[in-house]
Amino acid sequence: MLEDPADAIRRLTHAWRQRHPKRAFGGAWALAGFSFQAAVFLLDFYRNLIDAREAPSIERISDVLCPAGGSLHVVVQTKRTLTRSGFPRVLEEFALIIAVCRESVPELLDDLRFQIVCHGLEDPDLWPCPPEGQSAELNYSALAEIAARKAEPFIVCQPDPLDDLYELLWLQGLRDPQTVIQSAAGRLLVAFGQPSAATQVHRDLLSIFESARRHDEGVRTGRLILPGDVRDEPAEPSTRIIVGGSFGFREIREGCFRIRPRLFPFLWEAYLTWFSH
């Protein structure tokens, strides 16, 4: 019997990762790829929601399908790292989509554009050089079709969009954008493999956004404070009790707090001096 099973498992894990890293980290890389795809989609989804534009779709046609105004749609493949070996597979998928569209819905073909969004780019000169080892789907005719319908830019290399998504939600007044992002990403993960649930997923993502807690109403950061926003006379006693951190000039005006005579005159004088400058 093993004296230390935990140590034996640790050593086996180390050896497995050293000798077969692709197999050992395949799941982690897949989750990292999903995380990037979900972040790209959620940024576009909530940006379009805020701007009252049509929402994108995920895992409907390729990774993300983005409305681009009018009848135009951009078919997006997301790759955390776009490698030279993986680039032909992306182009093959674009070529297959074009072939299916020409056969099934030819009137849509001129309104499709194709784009690759990645976090890392192994070789900046991947395009327009034809990939090596072309498959049956990826002949020169197919490459010409893709070139004629590529979005500008065709390859977008960008930082992880989570920071931009956090900032977007924060500027919309959400108190805790991180919780919204985690809930939305979790909803996408649950829906993977259920194409029929796309409409419900969009409703759930909207609900997550709309039900999120917002910053308190009142004077917001960046607004000029005027003399009318505060007053120097003592406030009337109030029966309303404020708990937590929600305390500002509005509460003073409503009389929720008694003015402390030894402190407030000094603060008021300092405020008037600051305001006069």
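User: Which residues make the nonpolar surface patch?

Analyst: Y166, W170 and L171 make a nonpolar patch of about 320 Å². Patch members have over 30% relative accessible area and no salt bridge, with like charges joined within 9 Å and nonpolar side chains (Val, Leu, Ile, Met, Phe, Trp, Tyr) within 5 Å. A salt bridge here is a side-chain nitrogen of Lys or Arg within 4 Å of a carboxyl oxygen of Asp or Glu. Areas come from the Shrake-Rupley method with a 1.4 Å probe, and for residues only the protein chains shown count as cover.

User: What is the basis for all this?

Analyst: This is a predicted model, in which local features need pLDDT of at least 70 and side-chain atom pairs count only at pLDDT 80 or more, while totals for chains, interfaces and linings use all residues. Residues are numbered from 1 along each chain as its sequence is written, and side-chain values use heavy atoms, leaving out hydrogens and water.

User: Where is L171, and is it buried or exposed?

Analyst: L171 is in helix α6 (residues 162–171); helices (H or I, at least four residues) and strands (E, at least two) are DSSP runs numbered from the N terminus. L171 is exposed, at 56% relative accessible area; buried means under 20%, exposed over 50%, and partly exposed in between.

User: Changing topic: how many aromatic pairs are there?

Analyst: The structure holds 8 aromatic pairs. Rings of Phe, Tyr and Trp (its six-membered ring) pair if their centres lie within 6.5 Å; planes under 30 degrees apart are stacked, over 60 edge-to-face, and the rest tilted. One of them joins F41 and F45, whose centres are 5.7 Å apart with planes at 40 degrees, so this pair is tilted. F41 and F45 both lie in helix α3 (residues 26–50), 4 residues apart.

User: What about F94 and F154?

Analyst: F94 and F154 form a tilted pair, 6.3 Å centre to centre with 55 degrees between the planes. Because F94 lies in helix α4 (residues 87–104) and F154 in strand β5 (residues 150–157), the pair ties together parts 60 residues apart in sequence. F94 is buried at 0% relative accessibility, and F154 is buried at 4%.

User: Which charged residue sits over F209?

Analyst: The charged end of R214 sits over the F209 ring, 4.8 Å from its centre. The criterion is NZ of Lys or CZ of Arg within 6 Å of the ring centre and within 35 degrees of the ring normal. Ring pairs also link F209 with F41, F45 and Y46 into a cluster.

Key: Buried < 20%, exposed > 50% of the residue type's maximum accessible area, 1.4 Å probe, protein only.
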